[in-house]
Amino acid sequence: MGQVTVDRAKKDGTIVAGIFPNTCYSDGKFTFHLGPNTADDIGKTGSFTVKLVTDNYESVTFAVKITLTAKDNQDAPDPTAFDVVFTNDGSKLTATIKTKLKGVEYSFDGKTWSNVNTTAVAHLKDVTAYLRYKETDELNASAAVFKTVNSGHGKLVHHAAVQATCQNTGNVEYWECETCAKYYSDEAAATEVSLAEVIIAKTDHKWSVKYTYDKNGHWHKCEYCDAVTETESHVSSGEATSAKAEYCTVCGYIITPKKGGGSSGGHVSGGSHSRDNTTERNPSINGEQKTWSDIAAALGKQNGGSATISLNGETTVPAEVIKAIADRKIRVEFVYDSTKSWLVDGAEITAVSAVDLSLLPGSVDTSSLRGILGCKYRISADIPAEIRFAFRKQYAGEFANVYKLIDGKLVFQTCVKLAEDGTAVIPGMSAPGEYAVMVCRYSDRQGDFDNNGILDIYDAVALLRYSVGLDSGENLQLIDLNGDGLVNCADASTVLRWLVGLSA
Ligand SMILES: [Zn+2]
Ligand SMILES: [Zn+2]
Ligand SMILES: [Zn+2]
């Protein structure tokens, strides 16, 4: 139809508009293009006048004014609408930003942004993840939200507890990050522990309860290696007669067979260490082997005093024997073997029945207790009694702390000081259950601050002296009795309250 001419009236900044060669108009349509602009041009204006030349009308003139405006902003994403999760392939950890939001972009430094929502990270590092809405044709990129999360570890390797022996070190239960070689006492890797805390040093030899013997004597073997104790001479039971052989009262070895009997050498029923090769199994009272009925009769005739009955491998004491001593002033030592005896005071027996005096090996986990393991037993006897244990002499003066398994937990029962020969007479193991006896230079009795095995006024005194700096504490693990993190007169008062029975 006609020709278009454009007068550029104003050019402000870099806003560019212009006529393209041979541009025409027809049917009232006219097109033009804006040239490239930058953010710096926001707010600037360009304008021009267009003149449309026609044949039949006067030329049509109009002005075009263009102002470059800023884009609108958009709100930042909801900071709770994204998460950072860590995955691992055994060694490498990868952080991934997870969100259901659309039109977002990601950054791990707050500066460079992209559609990549993952990055490799180190163990135990704080990782900050950023998220924002992307720029669109109409809207600017939003402000960013971010969160910082610790990467933790990759897969932790679980190591079960291993008991130390004389041959090998053991370890407590722990978890290890194979990548960064750190050790933890818990599966969540919350508490780091050192290698030294994990490893349990090799132990002394563990001498078998059973004796090994030959004609010259008896000895203990180590359960883990070939070490043996010094050979001790047999202890004679008395001269052999036609009724009984001369045997070793410690290991059961038959020194001289019964007079007139055919057998020579061998072994009598001599306690728990001899059950495999027992042919006769009579208990003995005061050194003489007898039937249980004869023993019951002998006890019945005895007027008070004490008696020693060697069980010689028997474990069940019949009711007739218990009946013979029940409610009478007779103290009976039932010798279980050379290291263990049951001490029963007839006067304390109120119910008569057969008693199983077995001391079966226990299986409770004592790794949480301090000291060395003295012994673990499963006891089924239910009789008022004490047990005398002969521990190794080197522990004389230390404490035997007795624990019983109650509702899955080891609960402190009592504490007994070992005598000079290493023995301890332990009360309170006479109800059925699992027991553990730990030998330790410290008493585990709560409040036993002066470490003498009993709770008395001196504990309160010693504690007060310690709290004001007059004394160094002996049994320091036990002194913060009220658990307030301080050792002070409040703890001493707790001891005093226990002494007068005000609190448990
Ligand atoms: Zn790690
Ligand atoms: Zn050994
Ligand atoms: Zn012997």
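In what order do the three strands of the open sheet run, and is the pairing parallel or antiparallel? The order is 7-8-10, and the pairing is antiparallel.

## Ground rules

This is a predicted model, in which local features need pLDDT of at least 70, side-chain atom pairs count only at pLDDT 80 or more, and totals for chains, interfaces and linings use all residues. Residues are numbered from 1 along each chain as its sequence is written, chains are lettered from A and ligands numbered from 1 in the order in which they are written, and side-chain values use heavy atoms, with hydrogens and water left out.

## The open sheet

Back to those strands, which are DSSP runs of E with at least two residues, numbered from the N terminus. Two of them count as paired if DSSP finds at least two bridges between them. Strand 7 (82-88) and strand 10 (118-121) sit at the edges with a single partner strand each, so one side of each has no neighbour in the sheet. On average, neighbouring strands here are turned by 30° against each other, direction ignored; the axes are lines fitted to C-alpha atoms, and angles run from 0 to 180 degrees between N-to-C directions.

Strand 7 pairs with strand 8 (residues 93-99) in the antiparallel sense, over seven bridges. Within that pairing, Val 84 faces Ile 97 in strand 8.

## Zinc ion, ligand 2

Cys 166 (SG), His 205 (ND1), Cys 222 (SG) and Cys 225 (SG) coordinate this zinc ion at 2.1 to 2.3 Å. Donors are N, O and S atoms within 2.8 Å of the metal (3.2 Å for Na, K and Ca); water is not among the atoms, so sites may look incomplete. The angles among the four donor atoms of ligand 2 are 97 to 115°, and the site is tetrahedral (four donors with all angles between 85 and 135 degrees).

Along the chain, the donors of ligand 2 follow C-x38-H-x16-C-x2-C. Cys 166, in the loop between strand 13 (156-159) and strand 14 (170-171), and Cys 225, in the loop between strand 20 (217-219) and strand 21 (246-247), are 59 residues apart. Cys 166 is buried at 10% relative accessibility, and Cys 225 is buried at 17% (buried means under 20% relative accessible area, with a 1.4 Å probe and protein chains only).

## Zinc ion, ligand 3

The protein donors here are His 218 (ND1), His 234 (ND1), Cys 248 (SG) and Cys 251 (SG), 1.9 to 2.3 Å from the zinc ion. Why is the arrangement around ligand 3 tetrahedral? Because its four donor atoms subtend angles of 102 to 117°.

The donor spacing for ligand 3 reads H-x15-H-x13-C-x2-C. His 234 lies in the loop between strand 20 and strand 21, and Cys 251 in the loop between strand 21 and strand 22 (254-256), so the pair ties together parts 17 residues apart in sequence. Both His 234 and Cys 251 are buried.

Terms used:
Four donors count as tetrahedral if all angles lie between 85 and 135 degrees; four count as square planar and six as octahedral if opposite donors are over 155 degrees apart and all others between 65 and 115; anything else is irregular. Helices (H or I, at least four residues) and strands (E, at least two) are DSSP runs, numbered from the N terminus. Buried means under 20% relative accessible area, exposed over 50%, partly exposed in between (1.4 Å probe, protein chains only).
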